[in-house]
Amino acid sequence: MVNFIYSMVVIAFQEICSDILFSSFSVKRYKSKFINIVIYALLAVSFFIVANTDYIRNNMFLKIIIVILLYSLAVYTLYRNSVVKSIVLSTLFETLACVCDFLVLFIFTQILGNLTGIVDDLDPVGSAIVVSSSSLLFIIVIIARSVFYRKNAEVMSVKEWVKFMACPLITMCILCSIV
């Protein structure tokens, strides 16, 4: 039960970060907070199922693709975006999350050496890794929001959004090949 609550808090924090980033580039479709909360609750349950399915959990690339598709569906539903823009924003956010995870794991590996003794996120070191990664993601999202807050995002064509997606895809492939 504690693991479930911990997982849902981490997922909720990531959804808050994603909402901040997505609202930097888009305008919300619905004014009703109830609709937004229901969609984010469904997204959280979907993420929890993806994270706890054995085959998906052990296949990093498949997990990332499913998370990007889930985020894309949520972004397309919640914001006034095209499908391409939704996919690009979702890929951008997931790449940021993966880079933050990778950097924090790298730093903790350099400090502590071998991390193979960590079995669970509830382990003190595992919790520190998750909190550090989430904090770094939050800081990067806040910086991105202050820089890009709806600046020229409305006038970018679909072709420009597809070009914009090249960097996150390359980064994601490199991280998947390393892990």
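The side chain of threonine 95 reaches the backbone oxygen of threonine 91 at 2.7 Å. This is a polar contact, meaning N or O atoms within 3.5 Å, one able to donate a hydrogen and the other to accept it, with sequence neighbours counted only when both atoms are side-chain atoms. The model is predicted: local features need pLDDT of at least 70 and side-chain atom pairs pLDDT 80 or more, while totals for chains, interfaces and linings use all residues. Residues are numbered from 1 along each chain as its sequence is written, and side-chain values use heavy atoms, without hydrogens or water.

Threonine 95 lies in helix α5, which spans residues 83-112. Its relative accessibility is 6%, so threonine 95 counts as buried. Buried here means under 20% relative accessible area; over 50% is exposed and the range between is partly exposed (1.4 Å probe, protein chains only). Isoleucine 64 is 31 residues away from threonine 95 along the chain. The C-alpha atoms of these two residues are 9.0 Å apart.

The protein as a whole has eight helices and zero strands. Both are DSSP runs numbered from the N terminus: H or I over at least four residues for helices, E over at least two for strands. Along the sequence the pattern reads α-α-α-α-α-α-α-α. The protein has 179 residues, and 37% of them are buried. Among contacts (heavy atoms within 4.5 Å) with a separation of 6 or more, 75% join residues 24 or more positions apart.

Helices α2 (residues 33-52) and α4 (residues 60-78) pack against each other at about 175 degrees. Their axes are 11 Å apart. Axes are lines fitted to C-alpha atoms over the stretch in contact, and angles run from 0 to 180 degrees between N-to-C directions. The two helices are therefore roughly antiparallel, a label for angles over 145 degrees. On the α2 side, the contact is made by Asn36, Ile39, Tyr40, Leu43, Ser46, Phe47 and Val50. From α4 come Lys63, Ile66, Val67, Leu70, Tyr71, Ala74, Thr77 and Leu78. By type, the contact of α2 with α4 holds 11 nonpolar residues, three polar and one charged. In this scheme Ala, Val, Leu, Ile, Met, Phe, Trp, Tyr, Cys and Pro are nonpolar, Asp, Glu, Lys and Arg are charged, and the others, including Gly, are polar.

Two residues show this packing in detail. Leucine 70 belongs to α4. Beyond four places in sequence, leucine 70 touches Leu43, Ser46, Phe47 and Val50. Leucine 42 lies 28 residues from leucine 70 in sequence, with a C-alpha separation of 10.0 Å. Asparagine 36 belongs to α2. At 8% relative accessibility, asparagine 36 is buried. Leaving out residues up to four places away, asparagine 36 touches Lys28, Tyr30 and Leu78.

The largest nonpolar core contains 29 residues. Such a core is a set of buried Ala, Val, Leu, Ile, Met, Phe, Trp, Tyr and Cys residues joined through side-chain atoms within 4.5 Å. Leu21, Phe93 and Leu137 touch the most other members. Two or more residues come from each of α1 (2-25), α2, α4, α5 and α6 (124-148).

The side chain of asparagine 81 makes a polar contact of 2.9 Å with the side chain of serine 26. With residues up to four places away excluded, asparagine 81 touches Ser26, Arg29, Val75, Tyr76, Ser86 and Leu89. Glycine 126, in helix α6, is buried at 4% relative accessibility. Leucine 105 is 21 residues from glycine 126 in sequence, and 9.9 Å from it, C-alpha to C-alpha.

Definitions and conventions. Parallel < 35°, antiparallel > 145°, perpendicular 65-115°, else oblique.
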